[in-house]
Amino acid sequence: MGKTIIISNRLPVQLQISNGTIDAIPSVGGLATGMKSVHSGGESLWVGWSGLTDEETPAALENEIDVALKKHGCAKIKLTEKEIEGFYFGFSNRTVWPLFHYFSEYTEFELEFWNTYKAVNQKFADAIIEKSHDNDTIWVHDYQLMLVPQMVREKRPNTSIGFFLHIPFPSYEIFRTLPWREEVLEGLLGSDLIGFHTYDYERHFLSSVRRLLGLDVSFNDVYLENRVIKVDSFPMGIDYKKFASAAKKHDSNGKDSDLQIKLNSHKQSAPGTKLILSIDRLDYSKGIAKRINAFEYFLNKYPEYKEKVRLIILAVPSRSNVPQYQLLKREIDELVGRINGELSTVNWTPIWYFYRSLPFENLIDLYTSSDIAWLTPLRDGMNLVAKEYIATRTDKTGVLILSEMAGSANEMNEALLINPNNFEEQADTLKTAITMPEEEQISRNTFLQKRLERYNVEVWANEFMGALNRKSEENEPFISQKITDTILEEIQEKYAKAKKRLLFLDYDGTLVGFHKDPQKASPDDELYSLLDKLHSQENTTLFLISGRDKQTFTKWFLDKKYNMIVEHGVWISTNGEEFKLLEKVKGEWMEKIRPVLESFVDRTPGSFIEEKNYSLAWHYRNTDPDFGAKRATELNTVLTSLIGNDDISVLNGNKVMEVKSSNVNKGRASVRMLGEDDYDFVFAIGDDWTDEFMFQELPKSSITVKVGLKKTQAKYHVVNTKKVRDLLKLFA
Ligand code: ADP
Ligand code: G6P
């Protein structure tokens, strides 16, 4: 087992230099605070940015910096001021952050930001490649590093790479507006496992992968040509013990901090008043301004609570070089000033506002002293503050009011959930919280605490790593075996020794790739020459076996005299003769079925009917993938009820549904050909569901090969049409 390498932009500590000495200050933000506990408990190396630019780092201190970081199990990536400007303040926080939090109006699409983002991601990737070995596990974090998995994969194809996104993944309708959307998806798909906080983010991601990259997705697996990527949701937990025991110690140690003394004196001077707490980074996604407005609304709606409640707002400075954050700072300063100015009395200031980062002990002072936590993000990937507040409530009292738009709301149903845009609801919920009986608070928090204690950050990390390790172990999630060099040699040897060979080659998706227009997927010169060679070999019977119509194959192959079976086994042509019927089939049913398919074409843009002699195929490759799949299910139901127990059946192919006579399929046709002579080498290759009939019905000793990574009855698989040709070239 190798080590785990954690990689993120933010390290758990930020370095600052004052008077020539280095200070390491704990980082704020869910990623750093959460992962810190995971990191300190294990054997991992954490690579990231130190918080200092190259320009801020005196050369003489380089060494000391490395030593300071090493103490925390960290190593640094060096970044210049210019890189931080374009990568961190630019693409990460002026493009991705607003876009992924549905603030399209704040999103800036700047080519220069994007170029720097790519270059800096490459820097991170290079550092990982340098610091890791093949058997290490790489865990990349968050939206600042979405290209890193692919960049590492290129150099380290066999390394196990996980990626976790700590912010929401937006709906396809939002994500599609990003000019570099494909590159970002491809970057992420360099991973083996991609994790999100919630199922909603996961499904938005999968939907973008299908629509923008046209990749196949089955449940939560994404199929690339030669790899399968797992996508799953893992809601991040907190270090429950750390918060719960800090709160216990806080209650019992008898030595109060200055902040706690101030909080106590407030409580003593105004007994019975309630403290409402909110803690966030100063970020527009957190809905701080709306919250302050909603507080004013509440005090006007329920004036009896004036002088009875106080709102404490703790906002941590964040990303202050980004213009939107500067505007927000000004807006909040003004709002707090105005409301306090208008409503304060001699004995009472409605809002206490702190704009700073606080040491852990003071966070605990605030959590344990507040009767209500009020968190109103407009969008939030998770929101750990909500979980931390509950964990510190040692006597189980306290009320959590939480926005539905936070990822954590999914797991915290016992909290009072609100829509942050609904002031009426918020005012009423505040009243409910203030008047909630203690037994009800205890009962709600008992549930919440149990869950948070059980699914803590350690369990979260173990679940992610466990899934990543299982993914790496099950390199072979398929029933079939990949054709290795040794297997190739064996097959080649059998081929050479065989006295009589029979080959069945499917066409589309096997010998050639798919094309939007099936007529354009015509054979190229290389394919002709390969087939010519095989066809002319002694003691070798080659069949092209396809669902195509006979006109097309006549045009492409008849004068080549290859043996052909088309329309899944209706027609056969050997030695350049005209096609003959192989099976007795009826076609009267077509008049009934055609109008049904036509109505589906009308209602499903991009789909079309392919009409063959004895079958009708409805193609939906060019439709919206979700919509096409939905319509296919609908069509299947309609057809099944229409055809009853008639002798026609419906075949579900690769983005095509085909209606044809039941007694026709590739399995039956291939077995008939097998009976014509005494073959000692039988080979069948195909990519599609319809080829499975051959794989099933040919004798066990046959060599059956599936093209692509899908579940199959075939013995072996190859990944793409190029590999098919390489394999056939060995026979030729
Ligand atoms: P985000 O990751 O968007 O900042 P989270 O609520 O998930 O939001 O995480 C915030 C983390 O930062 C929490 O672990 C919290 O304890 C910590 N934090 C928030 N405010 C402060 C503060 N003023 N001082 C120190 N730590 C803070
Ligand atoms: C969120 C992001 C983190 C980030 C944190 C603090 O939690 O998901 O990646 O580290 O905010 O933001 P900052 O820009 O200071 O790193």
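I take buried to mean under 20% relative accessible area, exposed over 50%, and partly exposed in between, with a 1.4 Å probe and protein chains only.

**Ground rules.** This is a predicted model: local features need pLDDT of at least 70, side-chain atom pairs count only at pLDDT 80 or more, and totals for chains, interfaces and linings use all residues. Residues are numbered from 1 along each chain as its sequence is written, chains are lettered from A and ligands numbered from 1 in the order in which they are written, and side-chain values use heavy atoms, with hydrogens and water left out.

**Entry: salt bridges.** I searched the whole structure and found 50 salt bridges. For each I required a side-chain nitrogen of Lys or Arg within 4 Å of a carboxyl oxygen of Asp or Glu.

I looked up Asp 192 next. Its side chain meets that of Arg 153 in a salt bridge at 2.9 Å, N to O. Arg 153 sits in helix H5 (residues 148–155), and Asp 192 in the loop between helix H7 (181–188) and strand S8 (193–196), 39 residues apart. Helices (H or I, at least four residues) and strands (E, at least two) are DSSP runs, numbered from the N terminus. Both Arg 153 and Asp 192 are buried.

Asp 192 also pairs with Arg 227, at 3.9 Å, N to O. Arg 227 lies in the loop between strand S10 (221–223) and strand S11 (228–233), and Asp 192 in the loop between H7 and S8, so this bridge ties together parts 35 residues apart in sequence. Arg 227 counts as buried because its relative accessibility is 16%. Asp 192 has 10%, so Asp 192 counts as buried.

I then checked Lys 301 and Glu 424. Their side chains form a salt bridge at 2.4 Å, N to O. Lys 301 is in helix H11 (residues 288–301) and Glu 424 in helix H15 (residues 423–435), so the pair ties together parts 123 residues apart in sequence. Are these two buried or partly exposed? Lys 301 is partly exposed at 31%, and Glu 424 is partly exposed at 34%.

I also noted one network, in which salt bridges that share partners join Asp 524, Glu 526, Lys 722, Arg 725, Asp 726 and Lys 729.

**Entry: helix H4.** H4 covers residues 111–131, 21 residues in total. I get 30 Å from its first C-alpha to its last, close to the 30 Å expected at 1.5 Å a residue. That expected span is 1.5 Å times one less than the number of residues. Its buried residues include Phe 113, Trp 114, Tyr 117, Val 120 and Phe 124.
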